[in-house]
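Subject: Structure handover

Hello,

Here is the structure I promised to pass on. Please load it first, then read the notes below.

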Amino acid sequence: MTVQDPLVRFDNVRKSYGPFEAVKGIDLDIGRGEFVAIMGPSGCGKTTTLRMLAGLETPTEGTISIDGKIMNDLPAHERDTPMVWQSLALFPFLNVKENVEFGMKMRGVSAADRHGRAMLWLERLGLKGFEKRGIDQLSGGQRQRVALARSLVTEPQMLLLDEPLSALDAHLVIRMQGVLTRLQKELGITFVYVTHSQSEAFAMADRVVIMGHGEIEQIGRPKEIFRAPRSRFVAEFVGRNNILPGDTPGQEIVVAADRMQVAESAPEGRALRAEFLSEEFAGTAIICYFEGENGEELKAQVTEDDLERLAPEPGKTFWLSWQPEAAHVMEAA
């Protein structure tokens, strides 16, 4: 996907810490008003990439541009790139309204204007009536919304978010995903969101950037990455994919768990005999794990009705099959 009018451009950006190269020459364009999630395992370079964009780290090589201006040597406080941290970084000695006003106060905004804009954003984020409360009097979700209000009250053209939902309970994560998505669409500003969570990235982002070992492995829309991973690294990181030998040497076949059928007798077409291992409940679906005849782990997503009908038990044998159009062919690792 080509970005016609990028707000952000990484051009052959590298970041080294002594002999260790954290980011290895990445190229990335991020469009105006786009929600981009950068994800990957720990140590892949995603947070370093975000910190370079924020001005908290300086690239060793290459350039980072925002709105056509090279930002490499511009300090963080001179960039219009507020960040919502994993820790939220709220000030415990200030009340809710004072926390929201803090950035405006540092910019010299008048007291009256600060008050008006802070109250507007507190109301917008469902915090009206909380303005005089201490931070320690708030729930995790309420603190998250205070951090968002503090970042957005200055009306930036871009918001950076570093694992912002990782400390929240599962039900609050789902709620905050809705809040973030709604805000981003309403405001039309660019969100750059770093996470290790596939569910968060795929639920919210327009495009997802998968990083591994300091490099970009794949960029694409969530469905594209899930259905058509370009490498074994991406297929395994995304998870719930079955990676099988291809018909041609040097190729592998990827079949997503939700496109795999399970039967007690051998079906027509492409199928594998496998032994049931265990099951995992994932919302309304169940992921069943199997071991193939060659020892490979296989996965299939079934419904509760399917599970009741199949009545799987450890050691019971089934047949796993898929339609040809459900398979994606990629180069073998």
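Two strands count as paired if DSSP finds at least two bridges between them. Keep in mind that this is a predicted model.

The 5 strands form an open sheet, ordered 13-17-14-15-16, with antiparallel pairing. Strand 13 (261-263) and strand 16 (297-302) stand at the edges. Each has a single partner strand, so one side of each lacks a neighbour in the sheet. From one strand to the next, the twist averages 45 degrees.

**Strand 9**

Is strand 9 (residues 207-212) buried or exposed? It is mostly covered, with 6 of its 6 residues buried. In a regular strand, side chains alternate between the two faces of the sheet. Both faces are covered here: Arg207, Val209 and Met211 are buried on one side, and Val208, Ile210 and Gly212 on the other.

Strand 9 has a parallel pairing with strand 3 (residues 35-39), over 4 bridges. In that pairing, methionine 39 stands opposite isoleucine 210. Strand 9 also runs antiparallel to strand 10 (residues 215-220), joined by 5 bridges. Glycine 212 has glutamate 215 as its bridge partner in strand 10. Strands 9 and 10 form a hairpin with 2 residues between them. In the turn, histidine 213 has a positive phi of about 55 degrees.

**Helix 4**

Does the length of helix 4 agree or disagree with what its residue count predicts? Helix 4 (residues 140-152) has 13 residues, which at 1.5 Å a residue should span 18 Å. Its end C-alpha atoms are 19 Å apart, which agrees.

Helix 4 is mostly covered, with 11 of its 13 residues buried. Among them are Val146, Ala147, Leu148 and Ala149, along with Arg145 and Arg150. The buried residues pack against strand 6 (83-84), helix 2 (96-106), helix 3 (111-124), strand 7 (158-162) and helix 5 (170-187).

**The largest pocket**

The largest pocket holds about 610 Å³ of space. Its lining has 19 residues; Thr81, Pro82, Met83, Gly103 and Arg107 lie nearest the centre. Helix 2 and helix 4 are the elements that give two or more residues to this lining. Helix 2 gives the most, with 3 residues.

Best wishes

Notes:
Residues numbered from 1 in each chain as written. Predicted model: local features only at pLDDT ≥ 70, side-chain atom pairs only at ≥ 80, totals over all residues. Heavy atoms only, no water. Expected span 1.5 Å × (residues − 1). Buried < 20%, exposed > 50% of the residue type's maximum accessible area, 1.4 Å probe, protein only. Contact = heavy atoms within 4.5 Å. Axes fitted to C-alpha atoms, helices over the stretch in contact; angles between N-to-C directions. 1 Å grid on protein atoms, 1.4 Å probe; cavity = no way out; pocket = protein on both sides within 12 Å on 5 of 7 lines; lining within 4 Å. Points joined across faces, edges and corners; volume = space filled by probe spheres on them.
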